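Please open the model in your viewer and keep the selection tool at hand. The tour below moves from one selection to the next and says what is found at each stop.

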Amino acid sequence: MDKASHLSVILDLSPSQWHHSAQQDNPYPLSLPDFLSQLLTFLNMHIASKHENTLAVFGAFPGKSVMLYSTTDYVDIGQAMDANTYPPFKAVDTSVTQKIRDEIDALGEADEEAPCALVGAMTKALCYINRITSTSSSATAMTTSHSSRTPSALDASDPSILPDPRILILSVSPDLSTAYIPLMNAIFAAQKLKATLDVCKLYGPDTVFLQQAAHLTGGSYIYLTQRDALLQYLIMSHLPPPAMRAALAVPTQDRIDFRAACFCHKTVVDIGFVCSICLSIFCRPVPVCTTCRTKFPMKTLQRLNASRPPMPANPSLPGTTTANTSVGGTPRGGTPANNNGMAAMAAGLR
């Protein structure tokens, strides 16, 4: 707890999904106002845990992403402070609720709702984390050069003096197959920044891609079954920083879905065909790779088409199979495409 912690929260604010979530026929209906009430309590607890803790909140709306609050920006409360109100708490509550209200009012009436810009919000959160960690490193290096203490005491390369970054995604929307590659790029950027991605699925089916994001960054993925206990889930699972989780019983994933989305039709596939040159994934054998333009032998295509298994009447459980067949034979380096999603992740680097 001696180390400062930075928390970036990404809110999935799809109006249609929150409308379905608030329906009374759900086992545990959860409306957007009730969700925000519990969320703001959680955000205030993070700020109160340590004076040096920082916070940033991003909203993923249909077709756009917006920063709702950050501790580095000034927030005009707009009214005289109450003696019983802690100013940082009031700033968080005012900024988040007001900006969400303004963005939802600006959406207006649309015939068809645009996809939620979750990846855009993740990218902004990663850029913000990169900015504050770079600023901390630069400030520490300047302090070292002008301090009378030994350089080893304030070494900018020491990770203990930098903020511990993590991202919490609160999702209500289903997977968007067209966002597979951008999401994988965001995951690799989070690994580079050593930022943990936590996911709390509030409504709808499990998300394949966010499961992989939490697993690959050492985060926690929780599917909320009793949504009336949202605050308890957030406090016990997502309030402790990653450094403390080794001493806590944080929920983990029993089974992870490693399926990928094909590059041709942008659909999640159980069995895919991987280009042996660029590792692009296709749902069926193709004569020419659409990514690197590699041509494959006709005999190889005939052999793969003949060996394709028939589509089962009842698909198997998620995660049992994945992209595990190479279109052009063995990939470069002599390593066949395995069944743990590494080929799909490598393809997302482009």
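Begin with helices H5 and H6 of this predicted model, where H5 passes H6 in a right-handed crossing. If you select residues 180-193 for H5 and residues 208-216 for H6, you will find the two helices packed at an angle of about 15 degrees, with their axes 10 Å apart. Because an angle under 35 degrees counts as roughly parallel, H5 is described as roughly parallel to H6.

Next, show the side chains at this contact: from H5, select Tyr180, Leu183, Met184, Ile187 and Gln191, which meet Phe209, Leu210, Gln212, Ala213 and Leu216 of H6. Sorted by class, the contact of H5 with H6 holds eight nonpolar residues and two polar ones, with no charged residues.

Now turn to the aromatic rings, of which a search of the whole structure finds four pairs. One of them is Phe58 with Tyr128, whose ring centres are 6.4 Å apart and whose planes stand at 75 degrees, so the pair is edge-to-face. Selecting strand E2 (residues 54-61) shows where Phe58 lies, and selecting helix H4 (residues 118-146) shows the place of Tyr128, so this pair ties together parts that are 70 residues apart in sequence.

Finally, colour the chain by pLDDT, which averages 77, with 76% of the residues scoring at least 70. Select residues 143-159, where pLDDT stays under 50 and the model has 15 contacts beyond four places in sequence. Then select residues 314-350, where pLDDT also stays under 50 and the model has 90 such contacts. Where pLDDT is low, the predicted coordinates should not be read in detail.

Definitions and conventions
Residues numbered from 1 in each chain as written. Predicted model: local features only at pLDDT ≥ 70, side-chain atom pairs only at ≥ 80, totals over all residues. Heavy atoms only, no water. Axes fitted to C-alpha atoms, helices over the stretch in contact; angles between N-to-C directions. Helix = DSSP H or I, 4+ residues; strand = E, 2+ residues; numbered from the N terminus. Parallel < 35°, antiparallel > 145°, perpendicular 65-115°, else oblique. Left-handed = near helix turned anticlockwise from the far one by under 90°. Contact = heavy atoms within 4.5 Å. Nonpolar A, V, L, I, M, F, W, Y, C, P; charged D, E, K, R; others polar. pLDDT = per-residue confidence, 0-100. Phe/Tyr/Trp six-rings, centres within 6.5 Å; stacked < 30°, edge-to-face > 60°.
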